[in-house]
Amino acid sequence: MAFPTRPLACALSVAAAFTAPFAVQTASAETVKVAVIDAFSGPMSPISSNILNSFQLIADKANKEKWAGEHTLQFTAFDNKLSPQESLSQLKSAIDQGYRYIAQGNGSAVALALVDAVNKHNERNPGKEVVFLNYSAIDPDLTNSKCSFWHFRFDANSDMKMEGLTSYMAKDQSIKKVYIIGQNYSFGHQVTRAAKDYLKRKRPDIQIVGDDLHPIAQVKDFSPYIAKIKASGADTVVTGNWGADLALLIKAAKDADLKANFYTYYAATSGVPTAMGAAGADRVKQVSYWNVNNDGFMGADIADAFKQKFNDDFYVMDTYTVVSMLSKAIKDGKSTDPVKVAFAMEGMKVKSLNGEVEMRKTDHQVQQPLIVATWVKTNGKDVKYDQENTGYGWRTDQKIDTYVAAQPSSCQMKRPGA
């Protein structure tokens, strides 16, 4: 009675031997889910939607080309309504749904709240850690006094950008009077501080003739602010405003025929190019980490694909850096575990669309070159790409090497197991 079963048992054993490796391989291939916690409703939602689309486009490319090996990446929206408190609710919801990675960028006040919450969660829940991928919240404190092993910033912080912007401004002797205006929260305060400190050091002859802070995403009419700028006699405006706050500020300046030049961080963000139009030509400048109108047009293929798929402009380039580094950390570390991935990202170097970038181990602040660009009419040569179908785009004026923009850090990072 025993004999008939032995060949069958052997056959099953042999079959198992052949199929086991394939079963393990299939089982080990995971979908790494990233919760994008940002403002997907309200006046700042166009930027968040653009960012989510950027992540999804790059993730599709990464998944097809197996940047993370057999693993795939997936980015999903969680609407925080631009509120730190709502962000904490969305973080809890994401964690409850099994997300181990979060991404956020619009609003440093939100980022600071999330860092604190992630730190506490990870301390209380060993084995269920969460990693925070920050693509545009640029308050310097996030990689200085508030630095965290669980937080990685892929944008240049506001001091790095102001270093580049004021170095460029210092060479322009026509700048005599500067007016600073920004949003009244942590980032806006940091921009104001840095603008004053760096201009005083580099061009002590420049007068700061005004300094205003306004509520974020609440002002509908900036004409009173523009009237103050006009009355001050300012020839230059420095602003860290973004989204609707910058678009409405530029529109009010255009309506009042303000002749001052604008030095900005975020004039390429959704809605601002349309608000500028021809009136902003040769008068609006931006400091950023990438311009599609770069030497060799690196990244133009992605910009073309983005335009074709979403009828929108690809401008949040560090989504590419985020996906590149996350994928490489997963692939090289042969793990999707957040702790192992975080250690793998420390000190990592990758080639992004703006050249080689490095995730500095000291503070988890990405080090990368910056550019200063001017809003001009497209010419089919060095300015081939416009924004929002305006016929105007960004001309690269100066590339700032990574070491020039680099800033020291006061971070005293605590690492797991240390």
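# Terms and values in a predicted model

Me: Why is K285 called buried?
Reply: The relative accessible area of K285 is 11%. Buried means under 20%, exposed over 50%, and partly exposed in between (1.4 Å probe, protein chains only). Since 11% is under 20%, K285 counts as buried. The model is a predicted one, in which local features need pLDDT of at least 70, side-chain atom pairs count only at pLDDT 80 or more, and totals for chains, interfaces and linings use all residues. Residues are numbered from 1 along each chain as its sequence is written, and side-chain values use heavy atoms, with hydrogens and water left out.

Me: What makes the place of K285 a strand?
Reply: K285 belongs to strand β10, residues 284-288. Strands are DSSP runs of E with at least two residues, helices are runs of H or I with at least four, and both are numbered from the N terminus. The run 284-288 therefore qualifies as a strand.

Me: Which residues does K285 touch, apart from those up to four places away in sequence?
Reply: K285 touches Y168, F262, Y263, T264, A373, T374, W394 and D397. Contact here means heavy atoms within 4.5 Å.

Me: How do you know that T264 is buried?
Reply: Its relative accessible area is 0%, so T264 falls on the buried side of the limit already given. T264 is part of strand β9, residues 261-264. Beyond residues up to four places away in sequence, its contacts are L165, T239, V284, K285, Q286 and V287.

Me: What makes the pairing of the T264 side chain with the backbone oxygen of K285 a polar contact?
Reply: A polar atom of the T264 side chain lies 2.8 Å from that oxygen. A polar contact is a pair of N or O atoms within 3.5 Å; within protein, one must be able to donate a hydrogen and the other to accept it, and residues adjacent in sequence count only if both atoms are side-chain atoms.

Me: Why is α2 called oblique to α11?
Reply: The axes of α2 (residues 45-65) and α11 (residues 318-333) come within 9 Å and cross at roughly 40°. That angle makes α2 oblique to α11. Angles under 35 degrees count as roughly parallel, over 145 as roughly antiparallel, 65 to 115 as roughly perpendicular, and the rest as oblique. Axes are lines fitted to C-alpha atoms, for helices over the stretch in contact, and angles run from 0 to 180 degrees between N-to-C directions.

Me: Which residues of α2 and α11 meet?
Reply: I51, S54, F55, I58, A59 and A62 in α2 meet T319, Y320, V322, V323 and S327 in α11. By class, this contact of α2 with α11 has eight nonpolar, three polar and no charged residues. Ala, Val, Leu, Ile, Met, Phe, Trp, Tyr, Cys and Pro count as nonpolar, Asp, Glu, Lys and Arg as charged, and the others, Gly among them, as polar.

Me: Why is D257 called partly exposed, whereas N389 is called exposed?
Reply: D257 has 43% relative accessibility, which lies between the limits of 20% and 50% and therefore counts as partly exposed. N389 has a relative accessible area of 57%, which is over 50%, so N389 counts as exposed. D257 sits in the loop between α8 (244-255) and β9, with phi near 60°. N389 sits in the loop between β14 (370-377) and β15 (392-400), with phi near 55°.
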